[in-house]
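Please read each point alongside the display.

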Amino acid sequence: MKERKVSKKYSIVIGNRNAFYRTAGYKAPHDVRITLSSLGFESVFFDGNSGIKLVSLLQIMLRLVKFGFHLRKDDILFVQYPSYPLLFVVMPFFLHCRNRVVLIHDFHSLRLRGRMSLLEKLNIRFFNKVIVHTRNMKDYLSTLYPGKQYYVLGCFGYMLERSNGGDGRSQREDRRTLSAEICFAGNLDKSVFVRRLVAENGIGCKYHLYGNLKTMGSVDAPNIIYEGVFHPDTVGCLKGSWGLVWDGDSTSSCDGFLGEYLKIIAPHKFSLYIAVGLPVIVWSGSAMADVVRNKNIGIVINSLYDLKAKIESISQGEYQSMIKNVHEFGLQVRDNLMLKIVMSDVMG
């Protein structure tokens with residue numbers, strides 16, 4: 001009798017293997033890849049070596065097509081999205097593989113224009129198993145793709161080296177105390193509300209800002225401190241008593257397309273704050289508001305104008321209870337347990 005070949009699990013990575021570790025946005029995809037490796041997935045890198053972008057894209061396309069002929073029907077193909085902008089061109093060569101899994105990191109068109117572009121709709125169309133951030137994202141995509149299997153992550157992992165602390169914790173985690181000092185980490189140039197926050201001197205709170213800051217120039221406000229840029233694997237430096245998850249143009253609400261996007265996503269900075277032991281502040285309309293309430297890991301507000309009074313209403317005991325809950329949840333986040341649980345369902 002002919003011996004049946006064992007199915008294999010492949011994690012597709014688009015881009016140069018070395019550049020993958022240097023780019024600013026590598027952290028979440030890298031943590032996913034490392035977790036998949038621990039689950040027996042083989043990382044397969046595809047890149048183009050031409051200095052001309054179009055030529056590199058074509059090189060990647062040809063290598064992906066060639067790899068498609070290598071796949072068997074019982075293999076598992078795992079892709080992180082966004083990755084390759086022309087996925088819909090090469091995906092027909094993978095259709096014989098019955099387990100085509102995509103994990104969503106971001107929908108650029110949905111974030112910037114409030115609706116998914118035709119290109120993104122085509123790219124997702126060819127996957128039969130979709131890992132989404134939240135139930136709200138599942139509900140949104142289900143209207144576009146009712147026949148797919150959906151798996152809800154809840155929030156992303158944020159894996160830390162043990163050098164950050166004995167068990168991967170932030171060195172500051174055990175020293176957090178209740179105050180009106182807020183940490184905000186992200187691309188500050190794209191966070192328009194930060195400009196209003198600076199103009200209004202933090203609206204009664206003190207902010208520690210981390211991230212790229214070029215177009216805004218210098219920050220000149222007593223309650224706003226620019227702390228510079230940190231490496232995503234070295235996060236023990238983050239100061240403050242709270243981590244802020246906010247987006248949009250306004251300090252009074254999370255408005256516009258970015259606010260709508262917050263209603264369905266689990267921002268990666270949310271996981272960052274939990275990983276380093278910071279209780280979080282989230283907008284009441286966001287998908288993470290119920291998570292914060294149910295786990296008692298922070299506070300939910302309608303407006304940044306409400307923040308000072310909200311913090312003043314919290315006792316030291318209540319804050320320390322939040323710290324304890326954040327620590328327990330942080331153990332799961334640093335181990336990327338949410339993805340491991342989802343993948344056991346995907347592979348089961």
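Which residue is the bridge partner of Tyr207 in S9? The points below begin with the answer, after a remark on the source. The model is predicted, so that local features need pLDDT of at least 70 and side-chain atom pairs count only at pLDDT 80 or more, while totals for chains, interfaces and linings use all residues. Residues are numbered from 1 along each chain as its sequence is written, and side-chain values use heavy atoms, with hydrogens and water left out.

1. The bridge partner of Tyr207 in S9 is Ile224. Strand S8 (residues 206-210) pairs with S9 in the parallel sense, over four bridges. Strands (E, at least two residues) and helices (H or I, at least four) are DSSP runs numbered from the N terminus; two strands pair if DSSP finds at least two bridges between them.

2. The open sheet has six strands, ordered S9-S8-S7-S10-S11-S12, with parallel pairing. At its edges are strand S9 (224-228) and strand S12 (298-301), each of which pairs on one side only. From one strand to the next, the twist averages 25°.

3. Helix H10 (residues 268-275) packs with H13 at an angle of about 120°, the axes being 8 Å apart. H10 is therefore oblique to H13. Axes are lines fitted to C-alpha atoms, for helices over the stretch in contact, and angles run from 0 to 180 degrees between N-to-C directions. Angles under 35 degrees count as roughly parallel, over 145 as roughly antiparallel, 65 to 115 as roughly perpendicular and the rest as oblique.

4. On the H10 side, Phe270, Ser271, Ile274 and Ala275 meet Val326, Phe329, Gly330, Val333 and Arg334 of H13. Contact means heavy atoms within 4.5 Å.

5. Asn325 lies in helix H13 (residues 316-334). With 19% relative accessibility, Asn325 counts as buried (under 20% relative accessible area; exposed is over 50%, partly exposed in between; 1.4 Å probe, protein chains only). Apart from neighbours within four places in sequence, Asn325 contacts Lys295, Asn296 and Ile297.

6. Asn201, in the loop between helix H8 (193-199) and S8, has a positive phi of about 55° although it is not a glycine; at 26% relative accessibility, Asn201 is partly exposed. Asn336 also has a positive phi of about 55°. Asn336 sits in the loop between H13 and helix H14 (337-347) and is buried, with a relative accessible area of 3%.

7. The peptide bond from Tyr81 to Pro82 is cis, with omega near 5°. Pro82 is in the loop between strand S3 (76-81) and helix H4 (87-90).
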